[in-house]
Amino acid sequence: MAGTPNGTPLLQVTDLVKYFPVKAGALQRVVNHVRAVDGVTFTLARGQTLGLVGESGCGKTTLARVILRLIPATSGQVTFEGREVLKVPADVLRQLRREMQVIFQDPFSSLNPRMKVGSIVAEPLSIHTAMSRTERLRRVEELLEVVGLAGRDATRYPHEFSGGQRQRIGIARALVLNPKLIVCDEPVSALDVSIQSQILNLLNRLQKSYGLTYIFIAHGLHVIKHVSDRVAVMYLGKLVEETEADVLFEGPLHPYTRALVAAIPVPDPAARKIRAALQGDVPSPINPPPGCRFHTRCTEALPQCSQTEPPLVQVSAGHRVACHLYHGA
């Protein structure tokens with residue numbers, strides 16, 4: 001889903017941290033923290049798609065929600081067009097809400113079953129604009145047709161649509177305020193494979209038509225491969241590798257990334273690859289392993305991997321990796 005970036009960063013995330021307190025006892029005192037996001041840094045250019053990938057529980061969705069200020073950050077910075085998202089006052093944040101939207105994972109629970117589709121899509125217009133009811137209806141019908149539905153569908157309820165159609169409604173709602181950044185939080189994971197391709201093609205077309213910038217979250221690289229300009233790989237709250245999509249799939253460096261790439265399904269039985277299966281389970285984000293957080297599952301771990309945490313450093317142009325195999329400790 002290659003966009004046409006103009007070289008100007010739209011979004012800058014610097015050392016972003018989000019810890020959730022763990023409470024215990026009758027007084028509910030904080031005894032530990034879930035380190036959901038732990039020092040994430042990246043830059044996203046206008047018109048590009050950043051694919052954010054990793055196993056369940058690695059912090060992808062939490063990272064996205066902190067960026068959108070849907071939940072408060074513990075520390076760090078999020079800069080959107082020069083504005084510090086985490087510190088702006090309420091009136092500025094209200095404006096930012098128009099420019100930063102989200103498409104949720106579940107097309108069933110993300111739509112209010114008691115509201116008609118027209119009201120669901122028009123609700124942001126009612127909150128953020130002074131458009132008349134007629135103008136809102138016209139805008140809703142226009143967007144429903146843009147996403148592949150009919151204008152008359154505005155009078156129907158969500159339960160009358162299939163999963164793919166509901167996700168199209170969610171996309172229309174995200175588009176209605178003409179945002180610049182859309183977070184796609186696993187928008188196809190709940191859909192059939194044939195419908196997934198339709199939604200991905202729709203998002204691609206919309207990006208080209210409206211000059212959108214995406215953060216696209218997914219579990220597997222098989223989806224990320226077809227939608228991203230750059231890919232960031234997360235493991236247990238941290239980025240372990242980030243580079244151009246083509247570079248990552250042609251030569252992944254981090255052992256975790258290599259395992260994810262090897263797990264991409266191959267439809268041709270004669271071309272099946274030997275898969276480097278990941279060993280063990282993901283450690284607890286409450287008590288992550290010392291040193292490199294992946295060393296407990298890594299077949300290439302060095303002695304220093306269990307002692308020193310590798311920084312995320314640039315090993316070639318635009319390619320950052322957090323691994324002692326490439327820059328030592």
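Strand S6 (100–103) and helix H3 (117–128) each supply at least two residues of the lining of the largest pocket, where strands (E, at least two residues) and helices (H or I, at least four) are DSSP runs numbered from the N terminus. Before I go on, this is a predicted model, in which local features need pLDDT of at least 70 and side-chain atom pairs count only at pLDDT 80 or more, while totals for chains, interfaces and linings use all residues. Residues are numbered from 1 along each chain as its sequence is written, and side-chain values use heavy atoms, with hydrogens and water left out.

So, which element gives the most to that lining? Helix H3 does, with five residues. The space in the largest pocket is about 340 Å³, and of the 14 residues that line this pocket, the closest to its centre are Arg97, Met100, Gln101, Val102 and Pro124. A pocket here is an open set of points on a 1 Å grid over the protein atoms alone, where a 1.4 Å probe fits, with protein on both sides within 12 Å along at least five of seven lines, and lining residues have an atom within 4 Å of a point. By class, the lining holds nine nonpolar, two polar and three charged residues.

Let me turn to charge pairs. Over the whole structure, a search finds 15 salt bridges, each being a side-chain nitrogen of Lys or Arg within 4 Å of a carboxyl oxygen of Asp or Glu. One of them joins arginine 139 to glutamate 142, with the closest N and O atoms 3.5 Å apart, and both residues lie in helix H4 (residues 133–146), three residues apart, or about one turn of the helix. Is arginine 139 buried or exposed? Arginine 139 is buried, because its relative accessible area is 12% and buried means under 20%, with exposed over 50% and partly exposed in between, for a 1.4 Å probe and protein chains only.

Finally, Arg46, Glu81, Arg83, Glu99 and Lys180 are linked in a network of salt bridges.

Key:
Grid points are joined across faces, edges and corners, and a volume is the space filled by probe spheres set on the points. Ala, Val, Leu, Ile, Met, Phe, Trp, Tyr, Cys and Pro count as nonpolar, Asp, Glu, Lys and Arg as charged, and the others, Gly among them, as polar.
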